[in-house]
Amino acid sequence: AVDRAGEGTSINFRQLSYFVKVVEAGNMTAAAQRLGLAQPALGAQIRQLEDELGVKLLVRHSRGVEPTQAGRLLAERARAILSQVDRT
């Protein structure tokens, strides 16, 4: 888990990985299929991540999802974090 100085935020690598897949797919259903998850379970993980961070990460619309400004920043940082973890 990643903690922000005393704020008690708990984010895990799985949530970051799921979030990146959703952003890359642009669609929750497609991302869920690629991850081998049920779409409601993936949606719940993304909502939990948004709740933990206290910010909306995705704009949901009829064609799929788009990251908000905060979502784009998180996706960029998450890719870097996950890449570093893989290299380690």
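Student: How many helices and strands are there in the protein chain, and what pattern does the chain follow along the sequence?
Tutor: This is a predicted model, and the elements discussed here are those assigned in it. The protein chain holds four helices and two strands. Read along the sequence, these elements follow the pattern α-α-α-β-β-α.

Student: What is the radius of gyration of the protein chain, and what does the globule rule give for 88 residues?
Tutor: Taken along the principal axes, the C-alpha atoms of the protein chain fill a box of roughly 35 × 30 × 20 Å. For the four helices and two strands of this chain, the globule rule gives 12 Å for 88 residues, and the computed value is close to that, so the chain is as compact as a globular protein of that length, with a radius of gyration of 13 Å.

Student: What share of the 88 residues is buried, and what share of the accessible surface belongs to carbon and sulfur atoms?
Tutor: A residue counts as buried when its relative accessible area is under 20%, and buried residues make up 33% of the 88 residues in the protein chain. The accessible surface comes to about 5,500 Å², and the part of it that belongs to carbon and sulfur atoms is 49%.

Student: Which residues touch the most other members of the largest nonpolar core, and which helix gives the most to this core?
Tutor: The largest nonpolar core has 21 residues, and those touching the most other members are Phe 19, Val 22 and Leu 58. Helix 1, helix 2, helix 3 and helix 4 each supply at least two residues of this core. With six residues, the element that gives the most to this core is helix 1.

Student: Which residues does Val 22 touch, not counting residues up to four places away in sequence?
Tutor: Val 22 is among the residues that touch the most other members of the largest nonpolar core, together with Phe 19 and Leu 58. Once residues up to four places away in sequence are set aside, Val 22 touches Asn 27, Met 28, Ala 31, Leu 42, Ile 46, Leu 58 and Val 65.

Student: Is Gln 15 buried or exposed, and which residues does Gln 15 touch beyond four places in sequence?
Tutor: Gln 15 lies in helix 1, and its relative accessible area is 2%, so Gln 15 is buried, the cut-off being under 20%. Not counting residues up to four places away in sequence, the residues that Gln 15 touches are Ser 10, Gln 45, Gln 48 and Leu 49.

Student: Why do the buried residues of helix 2 line one face of the helix?
Tutor: The buried residues in helix 2 are Met 28, Ala 31 and Ala 32. On the other side of helix 2, Gln 33 and Arg 34 are exposed, while what covers the buried residues includes helix 1, helix 3 and strand 2 (64-67). The buried residues line one face because, seen down the axis of helix 2, they fall within an arc of 100°.

Student: Where is Ala 32 found, and what is its relative accessibility?
Tutor: Ala 32 is found in helix 2, and its C-alpha atom is separated by 8.6 Å from that of Lys 21, 11 residues apart along the chain. Leaving aside neighbours within four places in sequence, Ala 32 is in contact with Leu 37, Ala 38, Gln 39 and Leu 42. Ala 32 counts as buried because its relative accessibility is 2%.

Student: Within what arc do the buried residues of helix 3 fall, and what do they pack against?
Tutor: Helix 3 (residues 39-53) has 15 residues and reaches 21 Å from its first C-alpha to its last. In helix 3, Leu 42, Gly 43, Gln 45, Ile 46, Leu 49, Glu 50 and Leu 53 are buried, and they line one face because, seen down the axis of the helix, they fall within an arc of 160°. The elements that these buried residues pack against are helix 1 (13-25), helix 2 (28-35), strand 1 (58-61) and helix 4 (69-87).

Student: Which exposed residues does helix 3 carry on the face turned away from its buried side, and which residue follows helix 3?
Tutor: On the face turned away from its buried side, helix 3 carries the exposed residues Pro 40 and Asp 51. Helix 3 is followed by a residue whose phi is positive, near 70°, namely Gly 54.

Student: Is Arg 63 buried or exposed, and with which residues is Arg 63 in contact beyond four places in sequence?
Tutor: Arg 63 is found in the loop between strand 1 and strand 2, and its relative accessibility is 62%, so Arg 63 counts as exposed. Arg 63 and Lys 21 are 42 residues apart in sequence and 16 Å apart in space, C-alpha to C-alpha. Leaving aside neighbours within four places in sequence, the contacts of Arg 63 are Gly 26 and Asn 27.

How values were computed: Residues are numbered from 1 along each chain as its sequence is written. This is a predicted model: local features need pLDDT of at least 70, side-chain atom pairs count only at pLDDT 80 or more; totals for chains, interfaces and linings use all residues. Side-chain values use heavy atoms; hydrogens and water are left out. The expected span of a helix is 1.5 Å times one less than its number of residues. Buried means under 20% relative accessible area, exposed over 50%, partly exposed in between (1.4 Å probe, protein chains only). The arc is that of the directions from the helix axis to the C-beta atoms. Contact means heavy atoms within 4.5 Å. The radius of gyration is taken over C-alpha atoms; the globule rule is 2.2 Å times the number of residues to the power 0.38. Accessible areas come from the Shrake-Rupley method with a 1.4 Å probe; for residues, only the protein chains shown count as cover. A nonpolar core is a set of buried Ala, Val, Leu, Ile, Met, Phe, Trp, Tyr and Cys residues joined through side-chain atoms within 4.5 Å.
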